[in-house]
Amino acid sequence: MIQTNKLTKIFRTEDVETYALNEVSMEVKRGEFVAIMGPSGCGKSTLLNIIGLLDNPSGGEYYFDGTEVGSYKERQRTMMRKGNIGFVFQSFNLIDELTVYENVELPLIYLKKKASERKEMVTAVLERMKIGHRAKHFPQQLSGGQQQRVAIGRAVVANPKLILADEPTGNLDSKNGLEVMNLLTELNREGTTIIMVTHSMHDAGFAHRVINLFDGEILTENVNEKMADIL
Amino acid sequence: MLFQYIFRNIKKRPFLNFIKVLGLALGLSGVLFISLFLKNELTYDSFHNKADRIYRLTYTNPGIFGNNHFARIYNSEQVPDLAAHFPEIENYARLAPLRGGVMMHNERYYSINEAFVCDSSFFRVFDTELLVGNKHTVLEAPGSMVVSEAFAQKVFGDESAVGKIISLPAGQFYARQTDFTVKGVMENFPQNSHFHPDLIATPAQDEISWWAYTYLLLKEHANPENITAGYSQFTALKAEEFGGESETKAYLQPITDIHLHSDKLREIEANSNMTNIYVLSVAAFILLLISMSNYASLNLGMAGFNNKFVTINRILGSTRNMNLKYFFAESLFIVLVSTLVALAIGVLVNSLIAHHFGIHLFRGNSSFIALVVSFFGLLGILSGLQPVLKQRVGQIQQGKQSLIKSNKIKVSQGIIISQYIFAIGLIVAVIIISRQNRFVLENSLGAGHKNIICFESVHANVQQKFEIFKSELLKHSSIESVSAMLEPPGGEANDMFPFEMEGYSKAEKERPNMIGVFPCDYSFAELFNLDFLSGNNFSQNNSDTEGSGEFLINETAMQFLNYNNPQEIIGKEFRLISPNPEVTVPQGKIVGVVKDFHLSSLKKRVEPLVLFKRDKLWLLNFVVSFKPGMRQTALSDISSLWQELFPAYPFIYEDVDVLYKKVYKTELLQARLLSIFTFISIFISSMGLLGISLLVSQQQTKEIGIRKVNGAKVSEILAMLNKDFIKWVVIAFVIATPIAYYAMNKWLENFAYKTTLSWWVFALSGMLALGIALLTVSWQSWRAATRNPVEALRYE
């Protein structure tokens, strides 16, 4: 589903060129759950942003579902992203001024779904995330775990093929963290491809495969034996 | 230490701070100039030492001149008796205008704008410095003259004026030449005086009589009402001498009220009025509000930037006082810089105004300027303290940053809406005032015809040769038409004669039997393109013998004469009864009815007017129209003919549209000033809006990022960001429209003839305001919307 070929990203400041990614080639199959690990500043988030079509690579190729999208313009990337990719962030990134319901509804609005259809889909997702009773609350009235469940709900509401999670448990205690990981695993079992950036060995343990990045390059790739079995 | 922080913080955000300074500086210079201008307007004629005791005497009488209120009185000869009768009167000065427009020295003619024969007491009532001569004695002898500095310069150059003879030439108004001896030179009357004589002179032989502007100097604490109330008693006493005028009412107006509160007939100069004062005060107030609110809202918006600085300071043990000190110092600094910028702008504008209008607004006003500047500065510092006063910063927040954020935008909302209420109101006012100005200029006599010039009040000797002047001029191919008339375009046709008409009886309806008269030349109707409702122009070679007189009347006169059908009044016998035995108008018939034309200001209703042609009678003003595109040729043709026919008389003419612009000088000035202030207001508001949009989009960076991640297109983000601004302008529009409608309706009430308050003016103003607002915020919105969402979310 995802294939990169010598993907490179360079950040330029006035006199320094930093290689955030250096010729990264990788592949993620449909239905896989892949964790990307590595120390701070190794390029994990940059890779995730490029995979998520939020950012353009400086070089190399990126095939999404067989289409080269690395050279896409912003408008094309937005079109491709819509409905296909869901995002989950460490800091939840909910809009404070919108209610739980409205936050989850957001992607559907940009997909131009009808109001009745939206209502059905949002209600279903909120039930599934077990926060239906909180629909009319604002993010700040919720606990961290609840907020992240809303964020996941928003990521999956449009039934995307791919979910990208950037340290989804980073701001949560272990109990809430576990709950989030269980949710992601469940989604993966239902067929959603998941790529997750994490610092936590524990969380990486939920993935089928772990890619270790260091200074913008893939250091190792190991298949998680236990999870591979399940696969 | 403190200033170091302030400097650093200001340097960190140069653009926003630049906006603050510019907004305040423009606001201050605007407010300063309006206040100076208003002060100038409100202190007219107060430079006379006894200004509080000088009153101008005027009369109305229903039996004389149709009860019209003139600025001068027609029986000035009775003033000495009046002064003797009322113990309240300490002194008086009568100013009888010298007519004819020229004075003579050494066989050369010099044009004069304003000149008066006056009482020898002139300098005991009025004050102006004498450069040469002694105030107490200079006007003592009959035939003494005091000339203004400017006039002395014009006539004598650097030579001494004293002892020279200046003559009033014989002519239409004077049977024989009168010589005056220059005894002194006075400073030019200050700009804020309601009259500016080129010269004043005591009568050489006769006493002052007939028309004169009359000023009474009352004794200290004297009550002017004693005189106005006791006037009828005085006339009763004098009844035999002056022929009973029990109906005359007397009025005394303080000299300081003349400029703004007097709109009588035949004022010495066109006055201003209170509407002007109100319009400008409102403009100043709006400007003050806008620049203050702008500064306050930017400061409130930017307070968030200092939050961390302030919070950390608080954690480290500073007090709220410290924050107050910081914001006070920052505000002081910004206000000081703004004041300097404003003064720089001020000096520049002041010299421009002095150069173009001869008004020295700064002169002698340093303490007033200091007062305005300190008042503005104080308000500015107070506005700058808004963030602390509102406790917006300095409280240790516990992770609830976003609460303050959403709050902040709400504060700005009210300010932006009110700024746009003003902006829309001002745009409406500018459009309507400009439209009305265009309307009055386009509807004035001869308007729209750019090619008419007028020789105003030419000398009697010149008038005598009008027929030659006309026939010679018409030989030139550049000339279209030549005519002459009693009053110049923009003048007032106030002369009235009793009349008789076939089938018209006065007793029928108790109607007055006086009607306005307007002698003019044959070509008048043709030159000014008058519309004939019925009948024809005068016949060209009418012999003007008794019984064959011809009269044109205007539509209002037709209605006044009780006719509705212009055809029916044609051919009716008509007779004007001249009150002056030297002037006779032959009896004759009404030959034509013309549509009303606006010789005078459109502020006044058109009065019934009878036009008649009479050789060499009162053809005071020559008008010449030339063919389009031939202005230069025509002017040189006219000039050479003038030199040939009237070599001794100054060749001075004016374009007709310039004459009308003089009539509407106040309104045109209003329109110009108001557009300048509208521009400044909108500019300041836009700057503020730009700052606010910058702040709003900064606050919404995260939200924009999230929305983009969730599939929002740039256009959708743009719509989201601009939606609020549009909403605010729409709210402002809804509030501004009825207010502006009401205010402009009031303003238009000054005019008897006016444009309509069309809906599109309001729509256009709203669209303009919206367009400006969108243009202002879109640049910032576009930047925010196209930013890579990754940047927005990275540091969260």
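Tutor: Buried here means under 20% relative accessible area. The model is predicted.

Student: Is B:W211 buried or exposed?

Tutor: The relative accessibility of B:W211 is 14%. The cut-off is 20%. B:W211 therefore counts as buried.

Student: How many aromatic pairs does the structure hold?

Tutor: The count runs over all chains. The total is 44.

Student: Are the rings of B:F70 and B:W211 stacked, edge-to-face or tilted?

Tutor: Their centres are 5.1 Å apart, and their planes meet at 45°. Stacked needs under 30 degrees, and edge-to-face over 60.

Student: How many residues apart are B:F70 and B:W211?

Tutor: B:F70 sits in the loop between β1 and α3 of chain B. B:W211 sits in the loop between β10 and β11 of chain B. The pair links distant parts of the chain, and the separation is 141 residues.

Student: Is B:F70 buried or exposed?

Tutor: B:F70 has 5% relative accessibility. That is under 20%, so B:F70 counts as buried.

Student: Which residue lies over the face of B:W211?

Tutor: Look 4.7 Å from the ring centre of B:W211. The residue over that face is B:R72.

Student: Over which ring does the charged end of B:R605 sit?

Tutor: The distance to the ring centre is 4.9 Å. The ring belongs to B:Y753.

Student: What parts of chain B does the pair of B:F499 and B:F560 tie together?

Tutor: The ring centres are 6.2 Å apart and the planes are at 55°, so this pair is tilted. The two residues are 61 apart in sequence. B:F499 is buried at 3% relative accessibility, and B:F560 is buried at 19%. The parts tied together are strand β15 and helix α17.

Student: Which residues are buried in helix α5 of chain B?

Tutor: The helix spans residues 149-156. Its buried residues are B:F151, B:A152, B:V155 and B:F156.

Student: What do the buried residues of α5(B) pack against?

Tutor: Their contacts are strands of chain B. These are β3, β4, β7, β8, β9 and β10.

Student: Which residue follows α5(B)?

Tutor: Its phi is positive, near 65°. The residue is B:G157.

Key: Residues are numbered from 1 along each chain as its sequence is written. Chains are lettered from A and ligands numbered from 1 in the order in which they are written. This is a predicted model: local features need pLDDT of at least 70, side-chain atom pairs count only at pLDDT 80 or more; totals for chains, interfaces and linings use all residues. Side-chain values use heavy atoms; hydrogens and water are left out. Rings of Phe, Tyr and Trp (its six-membered ring) pair if their centres lie within 6.5 Å; planes under 30 degrees apart count as stacked, over 60 as edge-to-face and the rest as tilted. Helices (H or I, at least four residues) and strands (E, at least two) are DSSP runs, numbered from the N terminus. Buried means under 20% relative accessible area, exposed over 50%, partly exposed in between (1.4 Å probe, protein chains only). A charge sits over a ring if NZ of Lys or CZ of Arg is within 6 Å of the ring centre and within 35 degrees of the ring normal. Contact means heavy atoms within 4.5 Å.
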